[in-house]
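Colleague: Before I use the terms for this model, I would like to know what stands behind each one. Could we go through them in turn?

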Amino acid sequence: PREAVDAEVNSNTAQAMGAVTDDEVIRKRLLIDGDGAGDDRRINLLVKTFFKWCNSGSHEEGYSQYERMLGILAQCEFSMGKTLLVYDMNLREMENYEKIYKETESNIMAAHEKIAECKKQIQQAKRIRKNRQEYDALARVIQTHPDRHETLKQLEALGKELQHLSRIKESVEDKLELRRKQFHVLLSTIRELQQTLENDEKLSEADDVQETRMDTQ
């Protein structure tokens, strides 16, 4: 009968209204209208249906509106359950993302450390390569010079040649000294000869003058 149905609905509605606080109503409203997929329209339709049920003029109309309200409520509960599932899934995804973020951050830190270590190894490799190039260049320069045994032989030969040149120098210096002395003797002889010639010329002139005087007397 309609009176029994009305009484049951009113009783359930009163109990629900008395047990639900304002915060719970807002939370459920947000959950129901969470994804914007027509939930707010369903609630508006539910309210309109409730008013129609209250103002229904016949038992059949009231029962029809009552069944319609139950269907709308079932849709809202289904949507709310789906939203809760999505909410739980999002929480799990957030936890998973947080875990991935921490792992990624740890991997990034490890990568930075690895990069720093690789940079040190590269710098060390560059130093080793530079030293090796310098060693190779020095080895090529060393190879252009004779070895120690050959150098000693060359030094010995140069020493002998130097001694030979020293003896030649002494011989040349002795000859020059002898020629200098001989030239000095030659110059002295020339001067004496010149002086003698000058004296002889003066004596000859004196004899000529004397003879000229004797002839005039």
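Modeller: What follows sets the values of this predicted model against the cut-offs behind the terms.

Colleague: How many helices and strands does the protein have?

Modeller: The protein has five helices and zero strands. Read from the N terminus, the order of elements is α-α-α-α-α.

Colleague: Which residues of α4 are buried?

Modeller: The buried residues of α4 are G62, Q65, Y66, M69, I72, C76, S79 and T83. The word applies because each of them has under 20% relative accessible area. In the protein as a whole, 10% of the 217 residues are buried.

Colleague: What is M69 in contact with, leaving aside its neighbours within four places in sequence?

Modeller: M69 is in contact with L46, T49, F50 and W53. They count because each has heavy atoms within 4.5 Å of M69.

Colleague: How many salt bridges does the structure hold, and what makes E156 and K160 one of them?

Modeller: There are two salt bridges. Between E156 and K160 the closest N and O atoms are 3.8 Å apart. The limit is 4 Å, so the pair counts as a salt bridge. E156 and K160 are four residues apart in helix α5, so about one helical turn separates them. Residues three or four places apart in an α-helix point the same way, because there are 3.6 residues a turn.

Colleague: How do you know that R180 and E177 form a salt bridge?

Modeller: The N to O distance between their side chains is 2.3 Å. That is within 4 Å, so the term applies. R180 and E177 are three residues apart in helix α5, again about one helical turn.

Colleague: Why is K160 called exposed, while E156 is called partly exposed?

Modeller: K160 has a relative accessibility of 54%, and over 50% counts as exposed. E156 has 48%, which lies between 20% and 50%, so E156 is partly exposed. R180, at 48%, is partly exposed. E177, at 34%, is partly exposed too.

Colleague: What makes L165 part of a nonpolar patch on the surface?

Modeller: L165 lies in helix α5 (residues 148-216). Its relative accessible area is 46%, so L165 is partly exposed. A patch residue needs over 30%, so L165 passes that cut-off. The patch consists of L165, I168, V172 and L176, with about 340 Å² of accessible area together.

Colleague: And how much accessible surface does the protein have?

Modeller: The total is about 18,700 Å², and 57% of it belongs to carbon and sulfur atoms.

Methods
Residues numbered from 1 in each chain as written. Predicted model: local features only at pLDDT ≥ 70, side-chain atom pairs only at ≥ 80, totals over all residues. Heavy atoms only, no water. Patch = residues over 30% accessible without salt bridge, like charges linked within 9 Å, V, L, I, M, F, W, Y side chains within 5 Å. Areas by Shrake-Rupley, 256 points an atom, 1.4 Å probe, with all protein chains shown as cover. Helix = DSSP H or I, 4+ residues; strand = E, 2+ residues; numbered from the N terminus. Buried < 20%, exposed > 50% of the residue type's maximum accessible area, 1.4 Å probe, protein only.
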